[in-house]
Amino acid sequence: MHIDTVIMVDWSARSAPSPAKRSKDAIFIAERTGPEGHVTYCRTRDAATDHLTARLEAALAEGRQVLAGFDFPFAYPAGFADALTQQADPFAVWAWMDHAITDDAKNANNRLDVADQINACFDAPGPFWSHPTGRTPTHVPFRKPPHAGFPFAERRQVEMVATGASTCFQLYGNGAVASQTLLGLPRLHALKQHFGEALAVRPFEDRAAPILLAEVYPSILSAEIKQRQRPGEIPDAAQVRVLAQAFAALPPDRLDAMLREGDPIEGWIAGLGHADELIAALG
């Protein structure tokens with residue numbers, strides 16, 4: 001496997017378009033082909049999805065192989081998919097979310113309502129928790145409840161290994177990723193449907209495909225990213241730029257091996273445990 005282009009995406013769960021001027025907590029998409037790279041700023045998830053689709057279609061047309069990494073969980077702890085969809089397949093959750101989530105062209109969405117709907121399926125409080133002070137969903141507690149009585153763990157195995165990684169179930173607050181996941185999985189599902197057999201998702205699928213999707217976690221290179229941040233550069237932009245550069249510079253066999261690591265039900269963070277290799281690849 002030889003990856004020609006690496007795309008890294010810093011996702012956002014904003015409920016309105018990001019400012020016209022580049023700002024933090026927006027969507028930044030870094031793309032690197034060989035020594036060349038650039039970062040695109042997207043104000044909405046629709047715009048980001050359109051941009052990604054166009055760039056992946058261009059790569060296919062040119063015969064390039066692409067790795068696209070996204071900074072939110074691709075799956076939930078083992079047992080969640082079965083409890084929600086009666087299937088252990090994580091892609092069943094993607095399809096369920098695609099049907100349940102509404103997310104319009106201006107970022108207005110129903111993620112809190114969907115979390116409330118999922119929580120209502122269980123007798124115990126949770127698993128999703130935290131919400132804005134102005135909203136009082138019936139089944140989503142404001143504070144973290146004791147995670148008990150569920151047929152799945154609170155955290156995936158990868159979140160037990162990755163220092164600082166947040167649970168898939170915290171919707172709001174510092175470091176929370178549950179909202180990004182609820183709004184991100186339908187977009188991954190759309191890409192998977194659009195590209196069909198030309199796209200594979202690691203580590204859930206190990207077949208060869210010209211487009212590979214993988215979960216990433218920029219914090220595994222946090223110190224290096226901070227050191228390489230350019231004057232005036234927004235941290236979100238810096239992290240996808242540096243991450244794309246690092247993965248693009250890896251020897252093909254090492255990149256292939258990293259993308260195959262992890263659990264085929266819970267997923268994995270690409271490159272986790274290999275920070276030294278990624279830093280060395282940056283030169």
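**Close-up views of a predicted model**

**View 1. A network of salt bridges links Arg45, Asp46, Asp103 and Arg187.** A salt bridge here is a side-chain nitrogen of Lys or Arg within 4 Å of a carboxyl oxygen of Asp or Glu, and the structure holds 17 salt bridges. The model is predicted, with local features needing pLDDT of at least 70 and side-chain atom pairs pLDDT 80 or more, while totals for chains, interfaces and linings use all residues. Residues are numbered from 1 along each chain as its sequence is written, and side-chain values use heavy atoms, with hydrogens and water left out.

**View 2. Arg55 and Glu31 form a salt bridge, with their closest N and O atoms 2.8 Å apart.** Because Arg55 belongs to helix 1 (residues 45-61) and Glu31 to strand 2 (residues 27-33), the pair ties together parts 24 residues apart in sequence; helices (H or I, at least four residues) and strands (E, at least two) are DSSP runs, numbered from the N terminus. Glu31 is buried, at a relative accessible area of 6%, whereas Arg55 is partly exposed, at 27% (buried means under 20% relative accessible area, exposed over 50%, partly exposed in between, with a 1.4 Å probe and protein chains only).

**View 3. Asp256 and Arg202 meet through their side chains in a salt bridge of 3.9 Å, N to O.** Asp256 lies in helix 9 (residues 252-259) and Arg202 in the loop between strand 5 and strand 6, so that distant parts of the chain, 54 residues apart, are linked. Both Asp256 and Arg202 are buried.
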